[in-house]
Amino acid sequence: MSDAILDTSSRMVVRRVPFSYTDTATAGTAPGHWNTNSPEFSQIVNSASLAMPYLEPYLIRSMREARKQITDLALQKDLDLYVAQEATHFRQHRKFNDTLAAAGYQAIGPIEDRLRRDYEVLGTKRSLRFNLAYAEGFESMALAIGHMLIEDRVFLFGDSDPAVASLVLWHFVEEIEHKNVAFDVFAHLHGSYFWRMVGLVYATSHIFWRTGQGYRALLKEDGLWRDLKSRLRLAKVLVRIIKNILPRWFHIWRPSYHPSQVADPKWGRDWAKLFDANPDGAANLDTSRLRETVPVAVPSSVVGTQAQKDGL
Ligand SMILES: [Fe+2]
Ligand SMILES: [Fe+2]
């Protein structure tokens, strides 16, 4: 892979990205359809986004619990950076999710109630070993999803709302940055192949099940669930996503697997450089130019800095 970089070092950076969703409400033909070419992919992403303020705090709680038993100082430092990145992720998603709720989706309340309950039960009733296995399973799957999103960015995000596309791509650039941490924490404290696989299968099934329930409810509310053309578009995007992820997901099953074996996409590293030079631009990618090998910002973008005002 000529555009991939194999690098086992950790380069986690906690970024305050100034996303602004002020255009989102007016950009789509319906609320939440930030990608007007694909209301179905929009709702898949929206459903996944609704999980983040419940899933990521649960990961943070598990990792903080694990920290008490970690003796390796470098791993403690990585864990702290991981926690800081995840804390920023769920706050940014909550801000975006508020725009969906403000658009009037009635399904959001029940979706969030289910997620809140799930992660409360997992966090309080399951062992730390299980919760760390879940964290590692989720993170390895997120790494696979991150590669898929970046590789297929033109199809998935082309000509969509820059703020939402940038939010999702930023999140997964950072998922790729902290790819090693949950694995290393799990390996340091438990390291059982069996439990790693339990975590992978459980986390994958759980997230896909809840995301599926979420986008079905949102598409029903849009009046699209019984629309044949919409159903075909949904099937097409799901098949495309699953076809891309599946070989990566099975790679995680190897007993010798370590996330550092997965070469980082150059586009992700270039996004980080864009952020360093132009944070507003990194929050407003030009989605008509995703085909280019480096991320390009919306020209002379006039963007708000609400996120900075919110302390994100
Ligand atoms: Fe995250
Ligand atoms: Fe993560």
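Q: Which residue forms a salt bridge with Arg67?
A: In this predicted model, Arg67 forms a salt bridge with Asp80, and their closest N and O atoms are 2.8 Å apart. Arg67 belongs to helix 2 and Asp80 to helix 3, so the pair ties together parts that are 13 residues apart in sequence. A salt bridge here is a side-chain nitrogen of Lys or Arg within 4 Å of a carboxyl oxygen of Asp or Glu. Helices are DSSP runs of H or I with at least four residues, numbered from the N terminus.

Q: What accessibility does Arg67 have, and what about Asp80?
A: Arg67 is partly exposed at 30% relative accessibility, and Asp80 is partly exposed at 34%. Buried means under 20% relative accessible area, exposed means over 50%, and partly exposed lies in between (1.4 Å probe, protein chains only).

Q: What conventions apply to the model?
A: Residues are numbered from 1 along each chain as its sequence is written, while chains are lettered from A and ligands numbered from 1 in the order in which they are written. As this is a predicted model, local features need pLDDT of at least 70 and side-chain atom pairs count only at pLDDT 80 or more, whereas totals for chains, interfaces and linings use all residues; side-chain values use heavy atoms, leaving out hydrogens and water.

Q: How many salt bridges does a search of the whole structure find?
A: The search finds 14 salt bridges. One of them joins Glu40 to Arg233, with the closest N and O atoms 2.9 Å apart. Glu40 lies in helix 2 (residues 39-67) and Arg233 in helix 10 (residues 228-251), so this pair ties together parts that are 193 residues apart in sequence.

Q: Is Glu40 buried or exposed?
A: Glu40 is buried, with a relative accessible area of 0%. Arg233, by contrast, is partly exposed at 35%.

Q: And what does Lys68 pair with?
A: Lys68 forms a salt bridge with Glu65, the closest N and O atoms being 3.1 Å apart. Lys68 is exposed at 63% relative accessible area, and Glu65 is partly exposed at 38%.

Q: Which residues are linked in a network of salt bridges?
A: Arg15, Glu174 and Glu177 are linked in such a network. Glu177 sits in helix 7 (residues 162-177) and is buried, at 17% relative accessible area. The side chain of Glu177 also makes a polar contact of 2.9 Å with that of Gln85. A polar contact is a pair of N or O atoms within 3.5 Å; within protein, one must be able to donate a hydrogen and the other to accept it, and residues adjacent in sequence count only if both atoms are side-chain atoms.

Q: Where is Asp159 found?
A: Asp159 is found in the loop between helix 6 (153-157) and helix 7. Asp159 has a positive phi of about 60° although it is not a glycine, and it is exposed, with a relative accessible area of 52%.

Methods: Helix = DSSP H or I, 4+ residues; strand = E, 2+ residues; numbered from the N terminus.
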